[in-house]
Amino acid sequence: MAALAIHDLSVRWQGESLVDALSLTLEPGRALTILGESGSGKSLIAQAIMGILPAQLQAGGDIRVGGHSSRIQDGAARRALWGSKLALLPQEPWSALDPTMRVGWQLAETYHQVGQVPRGQAGGRARETLQALGLPHSHDAWPHTLSGGMGQRVVFALSTAGGAPLMLADEPTKGLDLPLRDDMVMRLQAVLHKGGSVLTITHDVSVAQALGGDVIVLLDGKVVERGRAEKVLQEPSADYTRQLLAAMPEHWPARKPPACAGAPLLRLRGVAKQYGGNQLFAGADLDIGAAERLSLWGPSGSGKSTFGDIALGIRRPDAGSVRRREDIGPFGLQKLYQNPLMSFAPRRTLRQSMQDLIRRHALPAAELQEFMQRLRLGQGLLERLPHEVSGGELQRLALARVLLLKPALIFADEPTSRLDLISQRNTLELLIDTAESSGAALLLVTHDPHIARALGGRQLRFPWRETQAAEEGVRGPIDRG
Amino acid sequence: MIRLGLSLLALLLALAVFGPWLTGVSASAQDLERVLMPPGLGEWLGTDNLGRSVVTRLAYAIRLSTGLALLSVLSAAVPGTALGLLAAWRGGWVERLLVMLADAVLALPGLLLVLILLAFAPGAIWPFYVGLALVLWVEYFRVVRAQARTLLASPQVEAAALMGFGWPYILRCHLLPELLPILLTLMTLGVATAVVALSTAGYIGVGLRPPTAELGLMISEAFPYVFEAPWLIIAPVATLLLLIAGLACIAEALRRAR
């Protein structure tokens with residue numbers, strides 16, 4: 001009998017179809033991945049299975065989890081299965097731990113309450129589990145003292161404590177950096193090895209690849225393609241799947257490094273910075289050349305953004321110096337933010353914000369139109385407020401705003417990490433092209449080594465190591481090109 | 001909710017503005033032949049123990065309460081906001097000093113300061129104004145400082161500074177639009193607090209003196225006649241209730257709209 005069977009699942013809102021007649025079956029011990037970008041309806045599918053669809057949506061269809069059949073709209077029927085028949089893996093797992101309970105107690109409590117283990121034995125089970133996870137010393141630890149990876153393992157143990165044979169993972173890798181993502185995928189694979197079945201809902205193609213099994217590709221609530229993972233991800237038949245795969249950073253063609261000559265724009269010498277008692281970097285020397293492309297990559301919290309902020313003069317280093325070339329004006333170094341929405345005044349229309357800038361610097365107004373055309377942005381967008389524009393468009397508008405100032409260097413701090421694959425690729429390509437054609441240097445922060453490689457310039461690895469400069473030819477004046 | 005609040009306030013303010021003009025008598029005009037008259041056609045809300053028109057007295061009392069409350073709230077909000085912005089902007093010892101001052105004021109119960117000042121000038125109106133303003137500014141200071149600190153550290157302000165905008169622009173386009181809804185909510189609640197403080201003082205006999213028409217004073221003056229003329233107590237209590245309810249409705253609507 002199938003671990004999960006869904007027949008004719010549909011979700012509508014005000015007559016508009018959000019998810020259209022989806023049927024699927026998941027056999028025990030297998031993986032099924034629903035792949036889609038934001039707006040594809042994949043989160044609604046997860047909510048429908050869990051039984052937590054918002055009440056104003058009209059849902060229909062049948063679902064069977066284990067031996068329990070119910071109508072899709074009867075959410076309470078599935079909520080009763082949580083833990084025992086249906087394990088849910090929360091997004092950003094470490095934040096799902098109760099901050100006021102010690103780790104071992106939380107596990108023991110879950111074994112007792114959800115797993116029906118007698119109270120006397122639950123504590124022992126919790127210890128065994130922590131031992132098996134390689135966390136024997138965390139039994140009495142508070143959740144906030146765990147690292148992201150440790151927290152992730154604990155939450156995994158919690159969500160499987162009820163012994164549910166089916167695991168539902170909704171965007172399990174969202175917001176995770178590479179090591180955490182790999183760890184997460186390993187955990188999901190371990191569930192499969194033990195004979196459990198895993199339904200994953202994600203935008204991340206590499207997760208689908210790693211888990212194997214079956215894949216359903218979703219676009220605007222409709223199934224575009226479905227089949228075995230190897231088949232769909234190797235030889236896709238639908239155009240959309242092909243686009244999606246081509247947009248993965250590992251498939252981007254690497255660009256040629258730009259030619260750069262002349263005196264460097266910025267000279268950093270002996271730069272050091274501490275944060276929260278952590279030495280992020282010390283004695284960092286770096287020259288950034290005119291029109292150069294440079295990527296800073298590494299896991300989150302390793303000091304990439306701080307390094308860029310120091311180069312830009314937004315933050316002061318604890319030690320060392322940052323020298324700008326004399327001809328760079330006070331506004332010659334500009335920044336693009338990870339979340340463009342946070343970088344605009346929220347209650348001013350985009351036209352107002354742009355005009356404020358044009359007036360402030362007495363710029364020719366026609367240039368904005370030109371940049372917007374080059375970035376494929378319609379003029380109508382300007383009449384909206386920042387939150388009424390999609391993330392990709394807003395990041396391009398932020399780029400247009402920055403370009404107005406003719407910057408010598410653009411520091412882009414993970415500018416596309418919140419975007420879908422396809423719009424990430426479009427946005428980054430436009431960013432690189434416009435930086436190149438306007439002669440601006442580009443300093444790009446990313447956690448994805450494939451993006452760093454595709455950028456085709458020098459790569460700075462974080463956490464910063466003294467030796468990397470010599471290894472990778474970072475130290476010293478730029479004499480190439 | 002905003003509609004309910006605004007209509008309540010409009011009703012009471014209309015009474016305050018046009019009441020005396022409709023009845024055509026002054027708040028202190030006594031008519032000893034017509035004392036303790038029940039509400040009726042001639043006197044809508046009746047007369048008190050000295051034959052004074054209750055409608056007229058209510059109208060003057062509302063004028064007094066709302067006028068004083070508005071004035072003290074404005075005199076608290078403006079410096080409170082300015083100091084909050086200053087503390088968030090400058091940081092360092094300026095901020096520490098201002099926070100210390102605010103904490104010191106916060107340690108005093110608000111009404112106590114008013115009472116101390118009243119001891120110097122019994123029956124005068126300025127102790128209310130000064131006392132309330134001296135207590136209420138702290139609230140604006142604390143809220144504005146906390147919000148402004150987050151905003152000043154946000155990417156939108158960093159980006160604006162990087163693009164060459166000076167502090168007047170950042171203040172006008174980034175800080176104030178975010179702060180304004182919060183300030184309006186606080187000010188509406190502040191007006192309610194001030195109205196209650198004034199009538200509390202009047203009610204316990206340390207506030208304004210007779211024959212001033214004041215809500216708290218009217219309530220305590222009506223006590224001896226509570227059985228013969230209950231309308232004397234009901235009218236000012238109901239007015240106070242409606243005034244506070246109206247303000248609370250508006251504050252709640254503003255808070256939700258944020």
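The contact between chain A and chain B takes 17 residues from chain A and 12 residues from chain B, where two residues are in contact if their C-beta atoms, placed from the backbone, lie within 7 Å. The model is predicted, and local features need pLDDT of at least 70, side-chain atom pairs count only at pLDDT 80 or more, and totals for chains, interfaces and linings use all residues. Residues are numbered from 1 along each chain as its sequence is written, while chains are lettered from A and ligands numbered from 1 in the order in which they are written.

**The side of chain A that touches chain B**

- Strand β15 (333-336) and helix α11 (350-360) of chain A are the elements that give two or more residues to this side; helices (H or I, at least four residues) and strands (E, at least two) are DSSP runs, numbered from the N terminus.
- Helix α11(A) gives the most to the side of chain A that touches chain B, namely three residues.
- By class, this side of chain A has nine nonpolar, three polar and five charged residues. Ala, Val, Leu, Ile, Met, Phe, Trp, Tyr, Cys and Pro count as nonpolar, Asp, Glu, Lys and Arg as charged, and the others, Gly among them, as polar.

**Overall form of chain B**

- Chain B has nine helices and zero strands, and its pattern along the sequence is α-α-α-α-α-α-α-α-α.
- Taken along the principal axes, the C-alpha atoms of chain B fill a box of roughly 75 × 40 × 25 Å.
- Of the 258 residues of chain B, 43% count as buried. A residue is buried if 20 or more other C-beta atoms lie within 10 Å of its own, exposed if 12 or fewer, and partly exposed in between, with C-beta atoms placed from the backbone.
- Among the contacts in chain B with a separation of 6 or more, 67% join residues 24 or more positions apart.

**Helices α1 and α9 of chain B**

- Two packed helices are described by the angle between their axes and the distance between the axes.
- Helix α1 (residues 2-23) and helix α9 (residues 231-257) of chain B pack at an angle of about 145 degrees, and their axes are 8 Å apart. Axes are lines fitted to C-alpha atoms, for helices over the stretch in contact, and angles run from 0 to 180 degrees between N-to-C directions.
- The crossing of α1(B) and α9(B) is left-handed, a term used if the near helix is turned anticlockwise from the far one by less than a right angle.
- Residues of α1(B) in this contact include B:L4, B:G5 and B:L8, and those of α9(B) include B:L242, B:G246 and B:C249.
- The residues of the contact of α1(B) with α9(B) divide into 12 nonpolar, three polar and no charged.
- B:A14 lies in helix α1 of chain B, and B:A14 is exposed because 12 other C-beta atoms lie within 10 Å.

**Nonpolar cores**

- The largest nonpolar core has 68 residues, of which B:L58, B:V73, B:A76, B:L132, B:V191 and B:A194 touch the most other members. A nonpolar core is a set of buried Ala, Val, Leu, Ile, Met, Phe, Trp, Tyr and Cys residues joined through C-beta atoms within 7 Å.
- The elements of chain B that give two or more residues to this core include α2 (54-90), α5 (126-152) and α7 (167-203). Helix α2(B) gives the most to this core, with 16 residues.
- Not counting residues up to four places away in sequence, B:V73 touches B:L136, B:M187, B:G190, B:V191 and B:A194.
- Another core, of 67 residues, lies apart from it, and has A:V271, A:A412, A:L431 and A:A454 among its members.

**Domains of chain A**

- Chain A is assigned domain 1 (4-97 + 146-246) and domain 2 (266-472), and such bounds come from an automatic or database domain assignment.
- The centres of the two domains of chain A, taken over C-alpha atoms, are separated by 34 Å.
- Their contact takes eight residues from domain 1 of chain A and six residues from domain 2 of chain A.

**Backbone features in loops of chain A**

- The peptide bond from A:F462 to A:P463 is cis, with omega near 0 degrees. A:P463 lies in the loop between β18 (458-461) and α16 (468-472) of chain A.
- A:Q116 is a residue other than glycine with a positive phi, near 60 degrees. A:Q116 counts as exposed because it has 12 C-beta neighbours inside 10 Å.
- Phi of A:A362 is also positive, near 50 degrees, and A:A362 is found in the loop between α11 and α12 (366-374) of chain A.
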